[in-house]
Amino acid sequence: MSVVVTGSGRASGRPDTVEVDIGVSVISQTVQEATASAAARAEGLVAALTVNGVEAEDIATAGYSIQPEYDYSGNAQRLTGYRADNTLRVRIRDIAATGSILDAVGAAAGDDTRIDHLRFTIDDEAGLAATARTAAWDDAAAKASQLASLAGRALGAAINITETMGAPPIPIRGVAMDMAMAERATTPIQPGTTSVTVTLQVEFDLTG
């Protein structure tokens, strides 16, 4: 005879890393002009990032597209140009510098700047996971002990364990760059805290 219980545990900590999508979106009359303009703006973004301490290995292309733009007013659609989007996925390891880095990026690409999907994470969450796992085990064992006592049995060894772990990043969508504001003060970025949650489903043997 056995009993199956579910235990959960959570551990919280301060994020130490920011992941953010930074890019440019430009529109020009021809594909060649849009491509060249997007490339130049993207080079400016990379230069601004590296000058402000972001390592090259923490910058990766996340998306690139070229699409025609149409004006649908009137009785027929009219081609107005071509839009080129170039997006970089950037990891910032100095959270305190995030605001100034975003301001530098905005200054480099101007009104063509796009910043989105800013997420706070913990680069090494092994310690938090271990703490959450211990809490989940204690929770499961306490439930199993109570159930065993109610059934008039003794709690035996765990014979099956299934773990589910989650550490969702803290997202901040739609970070807008107001260039007039950027000239007056550094963009404020507040990391708060993030957490790791562990859920254990444990099957214990019942004896006696």
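This is a predicted model: local features need pLDDT of at least 70, side-chain atom pairs count only at pLDDT 80 or more; totals for chains, interfaces and linings use all residues.
Me: How many bridges join strand β3 to strand β4, and which way do the strands run, parallel or antiparallel?

Reply: Two strands pair if DSSP finds at least two bridges between them. Strands β3 (residues 59-71) and β4 (residues 78-92) are antiparallel and joined by twelve bridges. Within this pairing, T61 stands opposite L88 in β4. The two strands form a hairpin with six residues between them, and G74 in the turn has a positive phi of about 90°.

Me: What share of the residues is buried?

Reply: Buried means under 20% relative accessible area, exposed over 50%, and partly exposed in between (1.4 Å probe, protein chains only). Buried residues make up 35% of the 208 residues in the protein.

Me: How many salt bridges are there?

Reply: A salt bridge is a side-chain nitrogen of Lys or Arg within 4 Å of a carboxyl oxygen of Asp or Glu. The count by this rule is twelve. One of them joins the side chains of D21 and R89, at 2.8 Å from N to O. Because D21 lies in strand β2 (residues 17-28) and R89 in strand β4, this pair ties together parts that are 68 residues apart in sequence. D21 is buried, with a relative accessible area of 9%, whereas R89 is partly exposed at 43%.

Me: Which other salt bridge does D21 form with an arginine, and at what distance?

Reply: The side chains of D21 and R119 meet at 4.0 Å, N to O. D21 is in strand β2 and R119 in strand β5, so the pair ties together parts that are 98 residues apart in sequence. Both D21 and R119 are buried.

A further salt bridge links D71 and R78, at 3.1 Å from N to O. D71 is partly exposed at 22% relative accessibility, and R78 is also partly exposed, at 49%. Salt bridges that share partners join E19, D21, D58, R89, R91, R93, R119 and D123 into one network.

Me: How many aromatic pairs does the structure hold?

Reply: Rings of Phe, Tyr and Trp (its six-membered ring) pair if their centres lie within 6.5 Å; planes under 30 degrees apart count as stacked, over 60 as edge-to-face and the rest as tilted. The structure holds two such pairs. In one, the ring centres of Y70 and Y72 are 6.1 Å apart and the planes are at 50°, so the pair is tilted. Y70 is partly exposed at 33% relative accessibility, while Y72 is exposed at 58%. W137 and F204 also form a tilted pair, with 5.7 Å centre to centre and 55° between the planes. W137 lies in helix α3 (residues 126-150) and F204 in strand β8 (residues 194-207), so the pair ties together parts that are 67 residues apart in sequence. W137 is partly exposed at 32%, whereas F204 is buried at 3%.

Key: Residues are numbered from 1 along each chain as its sequence is written. Side-chain values use heavy atoms; hydrogens and water are left out. Helices (H or I, at least four residues) and strands (E, at least two) are DSSP runs, numbered from the N terminus.
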